[in-house]
Amino acid sequence: RMFHDDELEESEKFYVGQPRVLLLIYALYNTLVARSEMVCYFVIILNHMISASMITLVLPILIFLWAMLSVPRPSKRFWMTAIVYTEVAIVIKYFFQFGFFPWNKHVDYTKDKPYHPPNIIGIEKKEGYVHYDLVQLLALFFHRSILKCHGLWDEDEKVDSSSNKEDTDDELSLTGGRRNSSASLTSVNLAASVESIHVHFPEQQTAIRRKSSSSISQLSHRSSFSSHRSKRDIFKNINHTTLSLYFLQCKLYVIKSHCGLCCFRTLQVYVPIRQFFYNLIHPDYSAVTDVYVLMFLADTVDFIIIVFGFWAFGKHSAAADITSSLSEDQVPEAFLVMVLIQFGTMVVDRALYLKKTVMGKVIFQVILVFGIHFWMFFILPGVTERKFSQNTVAQLWYFVKCVYFGLSAYQIRCGYPTRVLGNFLTKSYNYVNLFLFQGFRLVPFLTELRAVMDWVWTDTTLSLSSWICVEDIYAHIFILKCWRESEKRYPQPRGQKKKKVVKYGMGGMIIVLLICIVWFPLLFMSLIKSVAGVTNKPLDVSITITLGGYQPIFTMSAQQNQLKSLDPNEFNDFLRSYRGNTAALQFLEGYAREDITRADLEGNSNSLWTISPPSREKMIQGLRDLDADFTLVISWTIQRTLEEVYPYYIKAPSDSLAKPIKQLLKDCKWENITVSLVKNTSEEWWVLNQLGKKQKTPHESLELFIFSDKVSPPSLGFLAGYGIMGLYASVVLVIGKFVREFFSGISHSIMFEELPNVDRILKLCTDIFLVRETGELELEEDLYAKLIFLYRSPETMIKWTREK
């Protein structure tokens, strides 16, 4: 070896021989050192998520609009700003922890109020008020030490001193001249002072950058650079004393003039910010990258968080889940606003990506950063009536959005790709990309929306129908390419029958799937209540008896302690009483002990019998006439003694209609009850008593057994509510239609499905995308016409798809 060091070799051997746990710790530390700036960003955002105040709001905004947009890395000025700001924030929070401030006397009352001024500013008194700020300061100092160890802390100053050496000499001479000249100030006007301000900014370098960012040749760039150097050489030959005096006169006049001072201060702030964003949009060198997929995934995760946790962005009285609200035909306002905003940002992001406009992306980034931070930390707490730090769903949504902001800043800093060719899932031809791409196409309206948006924001000569035709051909050819690649990886020898693993694996899975689809409603409705069913015991049992059409004579209800469950001994005795009754035992198989409730109703009516005297006399005549029928509401014939009218066993199904259980009523006869009228001096009421009660009680009462059907869990209620026929109509028939199209439409697509080699067609589609991105629109028309002719000519298609 050319370079050999025994100490380094021994050190490497010593390192390799360490335990794996120690090696893992070394690796984690090295990762921490390599990404120390990301650690600082994470701690700053975490501090803001937990504190959620105006004091902690400044640094996250500076991260997304300054640090992450700096090329190649954040400057020393940013890190010093973050360190000093954190130190000042710690001192301010410490100062306002003293109890003599009036808002610190009622902390327990105001700590949960989102719009309490100390809570908004971040100076409220609380335990651990400075913990996260100290961790943040520690992370910043750790990153500062890493930069110093690698010589990157003072790098900006070294670069400026080396690249602008002549400007530095001018500044030094100007500084020296300030001490030696103090006159001739009145001869300089304000225009000259403003011009002197602009001398300090590298206008020539800006012009070079603008030219180099456009499509100007290398020669013109060199010529402009050489002319710039020649001008600088001429500028150096000017007498330094005269120039220093000129600059000093200009600046002193600016300071003397109040209007000029304001102008000077404004330019000092405006010009560096403008130059920062100009350099960002027109960089000298652009490391083009494409992180749109990651940004789209972050937006998708935020979209899912909104759907399943939308209640966290509205009032506390909102429903707990979106399915229950939609089932009642109610669209919560918070859900609607959040979904529309999230979807709108995704559409705008797609448009900027297709137009490749970095300027638009910068503007969109600034609007989103300020808008979302203002909404999340100033508007949302008022809507939800709780602090942001107490809203876990909103914190999760904000953290994912911060990931999106970081990716957007990285995209802006590196620039958009010059060519966008096809879907990101079509970059490889394997099973993963195949199934993900097919799943992407199965999402309703997603493929159509993407195709229309691409057509709107991409320069092309194709009509919308032609565009969709090319997209469909490309998607179909990509799927065929994936299958052909799989056939090459796993070839099937000629003349050899299919293996049983393949036949029973694929064929058996399809058979099981089809059988499950056909019998899904029956299995679902059977298992949903027997396996996953929830016991639904009655809360109130009421009995009302009406003689004919007169005033009800008896009204009674049972609640709480009057509704009792059977103990094991009573349940076993109950089952033994129907040992010889096959129909009853078959019915009881579907019920467990906890599904049966015994209701004990008081025999005395809980309401007085208020009937008019004429109606009373007429009802008495009807009861005395034994030959005439006297009906109840259930239309049974009755006498003084009511025979076989009382339903001893009631089935309470999942719907609202309760039914008597005929299987448990011996010989289909109901129980007998007695009815008597009780009078006192001025009032009267009816008393009912059941004759054949299982629980013998000395006083008049009624006994009722309720069998409660299990109901489906709330999470599956949206399926169980359709019933068996509804599931067959909505699931089996719809799926069966798609399955039938797959099995019956194969013969019509043989010409386009059985293509041995699709590389040439795939290349033709890719060429269409490529010439479109390069602006060769006439060539795009020619290639599209060639593609259409290829699909119209079977003979040409056969030639193009032959194996090479």
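## Helix 20 and the residue after it

G415, whose phi is positive, near 90°, follows helix 20, where helices (H or I, at least four residues) and strands (E, at least two) are DSSP runs numbered from the N terminus. This is a predicted model, in which local features need pLDDT of at least 70 and side-chain atom pairs count only at pLDDT 80 or more, while totals for chains, interfaces and linings use all residues. Residues are numbered from 1 along each chain as its sequence is written, and side-chain values use heavy atoms, with hydrogens and water left out.

Helix 20 covers residues 392–414, and its 23 residues reach 33 Å from the first C-alpha to the last, close to the 33 Å expected at 1.5 Å a residue (the expected span is 1.5 Å times one less than the number of residues). Because 17 of its 23 residues are buried, helix 20 is largely enclosed by the rest of the structure; buried means under 20% relative accessible area, exposed over 50%, and partly exposed in between, with a 1.4 Å probe and protein chains only.

## Pairing around strand 6

Strand 6 (residues 649–652) pairs with strand 10 (residues 701–708) in the parallel sense over four bridges, pairing being assigned if DSSP finds at least two bridges between two strands. In this pairing, A652 stands opposite S708 of strand 10.

Strand 7 (residues 659–660) runs antiparallel to strand 6 and is joined to it by two bridges, with P660 of strand 7 opposite I650.

## A residue of helix 24

V518 lies in helix 24 (residues 500–530), and its relative accessibility of 39% means that V518 counts as partly exposed.
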